[in-house]
Amino acid sequence: MTVSRKDEEAVSWLFRLYGHGGVVIEEFPGVEEGDSSFEGRTVVIKTYLSVNGRWIQRLKSLEDGLHRLVIFGPLSPLRTQHIEEEEWAAGWKEYFPLHRVGSHLVVKPSWREYSPLPEDVVIHLDPGMAFGTGLHPTTRMCLEELEIWLRPGDSVLDLGTGSGILAIAAAQLGAAKVLALDIDSLAVRVARENVARNQVESTVSVVRGSLGTSRGRVSRDALKFDLVVANLDSTTISRLLGPITRAADKEGRLILGGISQDGLEAVMAAASSYGIHMLRVVEDGPWRTLVARFGTTTQG
Amino acid sequence: MAKKVKAIVRLQLQAGKATPAPPVGPALGQHGVNIMAFCKEYNERTAPQAGFVVPAEITIYEDRSFIFVTKTPPTADLIKRALTIEKGSSDQKQKIVGKLSQDKVLEIAKVKMKDLNCDTVESAVHMVEGTARSMGVQVD
């Protein structure tokens, strides 16, 4: 819907109330930075409704809400458009190349062709709408560290698995058992598809939940993880360090990603309060990846 | 020399909860922006404000690079906070969920002024009143 800036807040509130996940407000292309001539012009407000949900009712409610607003001044008509997932996904798929990570890992988007070399460890991936393409520095660093620190036969916990990329990499690198958790049901679905795509179903189980909520299942598996990998954000990592420590083997290894330069100090402080011993910090731009070890160390 | 701006996109999202699903995916994907990079940075910056809607204004350049800044919460959220109501009325005609005093309207208008490029306090006040009405909130 195209609206003037003065109506932006009122209309975006209605869009956020009935739409999925939030609201998008677009301004004009083709302006130079610092050019303020667009002020006072119109903006386009968008939201998305999932056709799987009760979208007809939601659209009706949105229209009713807008109708109410019309009393305070004319509004342009609401436009709707049906969008297939492929349509917008195609935009970024073009920029998702096959790429090498670390010494032997190759991340292969499912829509690209590749003939692997003998030494290659190939991860077949379609991230869909979940996190983890291996292109972002945080994921790439986690993959590199996995390749270094994972030992064949390890039991691995992947917290916030997203597309499942790290869990699958762990399985391909020789882990005996991998538990991949994510609180997002969409990520769980995508991760399961990718696990099947790589034929590692017997090694990797993808479960919806976090350490707190899925503890029953974790303990049933009677696992004390040899290696925990968590590519999240510094706030969430700091919060989960306690449960992670309890879930890990007392001599387990830990790879933490998604931490910014600014968030590093807080994570380090939290880690040290749990007796976690830092082995190294890897940097890429503003991002930091921590490799650590639990329990008994020369310092412990 | 200033880089050529391709688009300016504002997203109203739950702090720390950006994912590549809609609306973020389609909104940024159409401009070729690295969706993961945005989500990761947004979540890392806003996770401490979990539970609030934190808008982000993303400037996308012709070369697909982007920068973003986070903004003040949406007017509707400031109104809700002022009235301590959970959500607006689902039926604005039938139900009035609260009343907002002129003082509160002015207070919110002043908070929002710089983000909205409103020229005058009056225009910001009108904007706040309009949003309040859309929520089923009466202005006294």
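A:Arg140 is partly exposed, at 22% relative accessibility, where buried denotes under 20% relative accessible area, exposed over 50% and partly exposed the range in between (1.4 Å probe, protein chains only). The structure is a predicted model, in which local features need pLDDT of at least 70 and side-chain atom pairs count only at pLDDT 80 or more, while totals for chains, interfaces and linings use all residues. Residues are numbered from 1 along each chain as its sequence is written, chains are lettered from A and ligands numbered from 1 in the order in which they are written, and side-chain values use heavy atoms, with hydrogens and water left out.

The side chain of A:Arg140 meets that of A:Glu144 in a salt bridge, with N and O 2.9 Å apart; a salt bridge is defined as a side-chain nitrogen of Lys or Arg within 4 Å of a carboxyl oxygen of Asp or Glu. The two residues stand 4 residues apart in helix H4 (residues 137-149) of chain A and are therefore separated by about one helical turn. Helices (H or I, at least four residues) and strands (E, at least two) are DSSP runs, numbered from the N terminus. A:Glu144 is likewise partly exposed, with a relative accessible area of 23%.

A further salt bridge joins the side chains of A:Glu145 and A:Arg280, again at 2.9 Å from N to O. This pair connects distant parts of the chain, since A:Glu145 belongs to helix H4 of chain A and A:Arg280 to strand S12 (residues 277-284) of chain A, 135 residues away. A:Glu145 is buried, its relative accessible area being 2%, whereas A:Arg280 is partly exposed at 35%.

Strand S12 of chain A is joined to strand S13 (residues 287-293) of chain A by 7 bridges, and the two run antiparallel; strands pair if DSSP finds at least two bridges between them. Within this pairing, the bridge partner of A:Glu283 is A:Arg288 in S13. S12 and S13 of chain A form a hairpin with 2 residues between them, and A:Gly285 in the turn has a positive phi of about 55°. Chain A as a whole contains 9 helices and 13 strands, and buried residues account for 50% of its 300 residues.

At the interface, 58 residues of chain B are in contact with 56 residues of chain A, contact meaning heavy atoms within 4.5 Å. The area buried between the two chains is about 4900 Å², of which carbon and sulfur atoms give 56%; buried area is the accessible area (1.4 Å probe) that two parts lose on being put together, summed over both. B:Arg10, B:Lys40 and B:Glu44 supply 16% of the area that chain B buries against chain A, more than any other three residues.

Across the interface of chain B and chain A, 4 salt bridges are found, as are 15 residue pairs in polar contact, both residues at pLDDT 80 or more. A polar contact is a pair of N or O atoms within 3.5 Å; within protein, one must be able to donate a hydrogen and the other to accept it, and residues adjacent in sequence count only if both atoms are side-chain atoms. The largest share of the side of chain B that touches chain A, 9 residues, comes from strand S1 of chain B. The residues of this side divide into 28 nonpolar, 16 polar and 14 charged, with Ala, Val, Leu, Ile, Met, Phe, Trp, Tyr, Cys and Pro taken as nonpolar, Asp, Glu, Lys and Arg as charged, and the others, Gly among them, as polar.

Strand S1 of chain B runs antiparallel to strand S2 (residues 23-26) of chain A, and 4 bridges join them. B:Arg10 in S1 of chain B is the bridge partner of A:Ile25 and also forms a salt bridge with A:Glu8, with the closest N and O atoms 2.7 Å apart. In B:Lys112 and A:Glu9, which form a salt bridge at 3.9 Å between the closest N and O atoms, both residues are buried.

A:Asn231 is located in strand S10 (residues 225-231) of chain A and is buried at 10% relative accessibility. A polar atom of the A:Asn231 side chain lies 3.1 Å from the backbone nitrogen of A:Gly258. The side chain of A:Asn231 also makes a polar contact of 3.1 Å with that of B:Lys40.
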